[in-house]
Amino acid sequence: MANLLSYVLFLALRTFAAPPEFIQVRPGGSTPSPGDLGNDTVGPSLVPPPGTSKHAPHSIIIGVRKGGTRALLEMLDIHPEVAAAATEVHFFDWDENYAKGFEWYRDQMPYSYPNQITVEKTPGYFTSPVAPARIHAMSSSIRLLLILRDPTERVISDYTQVYFNRLENHKPVQAIENMLVKNGALNTRYKAIQRSLYDVHMRNWLQHFPLEQIHIVDGDTLIHDPLPELQRVERFLHLPPRIVASNFYFNQTKGFYCIRSDGHERCLHESKGRPHPPVNSTVLRQLRLYLRQHNRNFYRLIGRTFNWQ
């Protein structure tokens, strides 16, 4: 028994005392790909793979919040020629970050090889009044990805995320009807509703970018049948087709598709796909009616329709 304990202690000490000049190694002995390095700061114990560097994004997922941006990025990251930023950078929509300058922004990107494109996602960009002009100033030819879902469902999902966040931080919460209705009428100033006015925000983007540079992903379809949507994204980004059906499997417990890649399986965080609270039918009808005209306006802007209620 004493010999066994001594051996375990030896292994632990050897692990934590590994020479700092070594590159981090995955289980199995492989070194991480540039995308795996994400936004980690390179220090003495983490060295970027030879031949890699950081670049400004070739494409940005601009939104929309609670539209499926994380799912889209995770699924797109399957592609070997994509290096995805690990975190939401909020460079173009937060003044305090934009003031740090372009070099700071580029340093937030992952390391990538010359044959890879860098992709960043910050859902707040789509609804930001300043992000389109700022992104255009960086690159007028950048290719933008916008994932949208039924705007009514998006409002409820937005509320659900805030609700659980407040619970976890021991803050008071309100029923969704109290947020949607104010003084007996629909509270159209509620931020969650404002974010679902896709036509309003899209007009701002089309003042700076042609529609051909903005690829719209159907978030509702992505949830139920991800492969066709990912193949369209590959073509839009001029990527060779590498994402296949075997990269996805339906998780019965979670109720949505998970990812299989490089011998590993992973699902989105447990905070994704939370069940929505029931909503008073009269209030829900008011919300759908209000958003319906905005949806029609949006369809006209993009020359395309969706199966939104």
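A charge is said to sit over a ring if NZ of Lys or CZ of Arg is within 6 Å of the ring centre and within 35 degrees of the ring normal. Select R143 and F236 to see such a case: the charged end of R143 sits over the ring of F236, 4.2 Å from its centre. Then select R134 and Y98, where R134 lies over the face of the Y98 ring at 4.1 Å from the ring centre.

This is a predicted model, in which local features need pLDDT of at least 70 and side-chain atom pairs count only at pLDDT 80 or more, while totals for chains, interfaces and linings use all residues. Residues are numbered from 1 along each chain as its sequence is written, and side-chain values use heavy atoms, with hydrogens and water left out.

**The whole chain**

Display the chain as a cartoon. Its secondary structure comes to 13 helices and twelve strands; helices (H or I, at least four residues) and strands (E, at least two) are DSSP runs, numbered from the N terminus. Of the 309 residues in the chain, 44% are buried. Buried means under 20% relative accessible area, exposed over 50%, and partly exposed in between, with a 1.4 Å probe and protein chains only. Contact means heavy atoms within 4.5 Å. Among contacts in the chain with a separation of 6 or more, 72% are between residues 24 or more positions apart.

Rings of Phe, Tyr and Trp (its six-membered ring) pair if their centres lie within 6.5 Å; planes under 30 degrees apart count as stacked, over 60 as edge-to-face and the rest as tilted. By this rule the count comes to 19 aromatic pairs. One of them joins F92 and Y105 edge-to-face, at 5.0 Å centre to centre and with 70° between the planes. F92 lies in the loop between β3 (82-84) and α4 (95-98) and Y105 in helix α5 (residues 102-107), so the pair ties together parts 13 residues apart in sequence. F92 is buried, with a relative accessible area of 1%, and Y105 is buried at 0%.

Now centre the view on F92 and Y125. This pair is edge-to-face, with 5.5 Å centre to centre and 70° between the planes. The pair links distant parts of the chain, 33 residues apart: Y125 belongs to the loop between β5 (117-121) and α6 (131-138). Both F92 and Y125 are buried.

Select G63 and V64 next. The peptide bond from G63 to V64 is cis, with omega near 10°, and V64 is placed in the loop between β2 (59-63) and α3 (69-76). K66 lies in the loop between β2 and α3 as well. K66 has a positive phi of about 60° although it is not a glycine, and K66 is buried, with a relative accessible area of 17%.

Continue to α3. Which residues of α3 are buried? They are T69, R70, A71, L72, L73, M75 and L76. Seven of the eight residues of α3 are buried, so this helix is largely enclosed by the rest of the structure.

Then select N183, found in the loop between β7 (181-182) and β8 (185-186). N183 has a positive phi of about 55° and is not a glycine. At 78% relative accessibility, N183 counts as exposed.

Two packed helices are described by the angle between their axes and the distance between the axes. Axes are lines fitted to C-alpha atoms, for helices over the stretch in contact, and angles run from 0 to 180 degrees between N-to-C directions. Angles under 35 degrees count as roughly parallel, over 145 as roughly antiparallel, 65 to 115 as roughly perpendicular and the rest as oblique.

Select helix α7 (residues 151-168) and helix α13 (residues 281-302). Their axes come within 9 Å and cross at roughly 125°; α7 and α13 are therefore oblique to each other. P151, T152, E153, V155 and I156 in α7 meet L284, L287, R288, L291 and N295 in α13.

Within α13, pick R288. R288 counts as buried at 11% relative accessibility. Apart from neighbours within four places in sequence, R288 is in contact with D150, T152, E153 and Q309.

Finally, select helix α10 (residues 198-206) with α13. Their axes come within 8 Å and cross at roughly 30°, and α10 and α13 are therefore roughly parallel to each other. The contact is made by Y198, D199, V200, M202, R203 and L206 of α10 and H294, N297, F298, L301 and I302 of α13.
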